[in-house]
Structures are given as C-alpha cells and as structure tokens.
Amino acid sequence: MENRLKYHREQHGWSQGELARRLGVSRQTINAVETDKYDPSLPLALRMAKLFAVSVPDLFVDHWEPGDDDDD
Amino acid sequence: MTDKDQRISRKLVTIAALSLGAGVIGYFGGYAFGETSVETGYELSMSVIIALAVAVMYLTTAGLVLVGTAVPKFGENVLNVEDAEEIEEMRAMVLNSAFALGSWGAALLVIALAEPAGPISPLHSFLVSAAGIVLGCYFAAVSYRHSDELMMAVNREAAVWAYGLVFCVIGGWAMAAHADLLAPPAPLDVMTGFYALVLLATCIAAGRRGMLKLR
C-alpha cells in the first residue's frame, strides 16, 4: 500500500528514530512502512495519523474503488 | 561517498573479517576435534558433523549479538542497525533473542556430542539438551514480549514459513524414505533440520520485510 509517511515525517523535520520514539515502535518498523515492506496495524496507523494531524486515508493511499473486484 | 555508504562499507569489511576469522577458527577447531576423535574412537558421522556446524552457527550468531549489545559502539559495525543508539533502543529484545539462540545452539551441540559421537553420556546429553531448549523457549518468549509489531509480524511469518519448510523438507524426506527411494533421516538429522529450516524461515520472513538490507 502506498503511503506518505516519509513526506509527513520530513515535513516535521524528524528522523526515523525520532518518529519511532514518538510512536513507541522500532526504527525498523518506520523504515519498513516507508519502503512499503510493511503495512502497519490499524492502531499504529491511527496513531501516525493523529501525530501528523491528518486522516488515515491521507497517510495511506489505497487505489481500490468499489466495483474493482466485480467480475463483469 | 555518503555517510551511509561509508557506514555500510565499514560494516561489510568488519563482517567479512569476522567471518574469515570464525571460518579459520572453525576449520582448525574441527580439524583438532577430528584428530581427537580418531584417538579416542568417537564416531563422527556426517549427521553429527552437520549438526555441530549448525550448532556453531547458532552459537556464533548469539555471541556476536551479545558482544554487539554489550558494546554498542562495536555492535553498530556488525549488527544491522543505523547506530549504537538503535541497539540501546532494542536492547531487551535483542539480548533475550541472543540468549535464546545461544541456549538452542548449546542444546544441539550437546545432543550431537552424545556417545558414541562424543564424550557425553546419552542421558546427560538428553537432559542438558532438553533444558537448553526449554530455556531457549523462555528467552524467546521474553524477547517476543519486548518486540514491536513489525518484529511480532516477522516472528509469526517465520513460524508459518518454518512449518511449510519442515513439512516439505523433513516430510518429503520421510516420504521418500518410506518409498525406499532414500535412506531414512537419522533422529539427529531431523533435529538439525528443524534448526536449519527455522533459520532459513527467519531469513525469508525478514528478507520479505526488507530487514536483510544493510543499513
């Protein structure tokens, strides 16, 4: 899933370590999310959105639209 | 060359030097043990040699992580972290994980060295080995409790991969042996298989999350 975590983090001038500390996770988690290797849990996604004062869909972009999975 | 490139280059050189050193020590250690075996009459089968190699791999990794955690300035050059501070942040998880690896490695080493392959009586070997496995599980559980959600996810994925690999490799070997296509695995081979496949599963799970890329 595409995300804008790195953009928001850099906007705040935080390192990955600083963001990790604020969220109570490891730097590896931040790195894995930013490089699209890991989709965070819903509680962590909500915490990230709250920290950057944005909504979850502003932070994590899903291009799925209703009807995309329909066969016809 | 950026700071990050320099850090990664330094890490690669350190790891290569340590691997070379461990290889040389392992070679001469193995040679010396082989010589002793000839004199004492120990029966070193291929199963035992492979089990010992896997056990030493666990013990070496545990030792490296322990030293790296105890001396973070050294650890930042051998562990996959950005700096010494990151080791401090993950200290509880990493330390317990190293204790678990060490306990499991020692357990395999001791069971592999049961008579007639080594000097330890089978009963003592079994008891010490079983204690090592239980102790390892305890440390692994403590490490898991100190893990954040990414590490927990990697642990769960590694368990799934390990199950699949064990089913395919050990199960496949047993099937082929039952059909008289291969010699059946020795009990120690099954044990070594668990160890090696769990290690492989962990590498696969970590690699899929980009955690094997040097930082």
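**Before you start**

Residues are numbered from 1 along each chain as its sequence is written, and chains are lettered from A in the order in which they are written. In this predicted model, local features need pLDDT of at least 70, side-chain atom pairs count only at pLDDT 80 or more, totals for chains, interfaces and linings use all residues, and side-chain values use heavy atoms, with hydrogens and water left out.

**Stop 1: chain A as a whole**

Select chain A. Chain A has five helices and two strands. Here helices (H or I, at least four residues) and strands (E, at least two) are DSSP runs, numbered from the N terminus. The C-alpha trace of chain A spans about 50 × 20 × 20 Å along its principal axes.

How many of the 72 residues of chain A count as buried? The share is 42%. Buried means under 20% relative accessible area, exposed means over 50%, and partly exposed is in between (1.4 Å probe, protein chains only).

Now consider contacts, meaning heavy atoms within 4.5 Å. Take those in chain A between residues at least 6 apart in sequence: 54% join residues at least 24 apart.

**Stop 2: helix α2 of chain A**

Select residues 16–23 of chain A. The buried residues of this helix, α2, are A:Q16, A:G17, A:L19, A:A20 and A:L23. They sit on the same side of α2(A), because they cover an arc of only 165 degrees around the axis. That arc is taken from the directions from the helix axis to the C-beta atoms. An α-helix has 3.6 residues a turn, so residues three or four places apart point the same way.

What covers these buried residues? The cover includes α1 (5–11), α3 (27–34) and α4 (42–52) of chain A. Step past the end of the helix to A:G24, which follows α2(A) and has a positive phi, near 75 degrees.

**Stop 3: A:A53**

Move to the loop between α4 and α5 (56–59) of chain A, where A:A53 has its place. The phi of A:A53 is near 55 degrees, a positive value in a residue other than glycine. Is A:A53 buried or exposed? A:A53 counts as exposed, at 70% relative accessibility.

**Stop 4: the two domains of chain B**

Select chain B. Its domain assignment gives domain 1 (1–143) and domain 2 (148–215); such bounds come from an automatic or database assignment. The contact takes 23 residues from domain 1 of chain B and 15 residues from domain 2 of chain B. The domain centres, taken over C-alpha atoms, are 18 Å apart.

**Stop 5: single residues in chain B**

- Select B:E76 in helix α3 (residues 72–78) of chain B. B:E76 counts as buried, at 14% relative accessibility. Leaving aside residues up to four places away in sequence, B:E76 touches B:K11, B:V81, B:D83, B:A84 and B:I87. B:E76 and B:K11 are 65 residues apart in sequence, yet 7.9 Å apart C-alpha to C-alpha.
- Select B:P116, in the loop between α5 (91–112) and α6 of chain B. A cis peptide bond joins B:E115 and B:P116, with omega about 5 degrees.
- Select B:R145, in helix α6 (residues 122–145) of chain B. B:R145 is exposed, with a relative accessible area of 61%.
- Select B:D180, in the loop between α7 (149–178) and α8 (187–208) of chain B. B:D180 is not a glycine, but has a positive phi of about 65 degrees. B:D180 counts as exposed, at 71% relative accessibility.

**Stop 6**

On a 1 Å grid over the protein atoms alone, a cavity is a set of points where a 1.4 Å probe fits but cannot get out; a pocket is an open set with protein on both sides within 12 Å along at least five of seven lines; lining residues have an atom within 4 Å of a point.

Show the second largest pocket. It is lined by 13 residues, and A:N31, A:T35, B:K4, B:K213 and B:R215 lie nearest its centre. α3 of chain A and α1 (3–40) of chain B each supply at least two residues of this lining. Domain 1 and domain 2 of chain B each give at least three.

Finish at the largest cavity. Its lining is A:Q28, A:N31, A:A32, B:R209, B:G210, B:M211 and B:R215.
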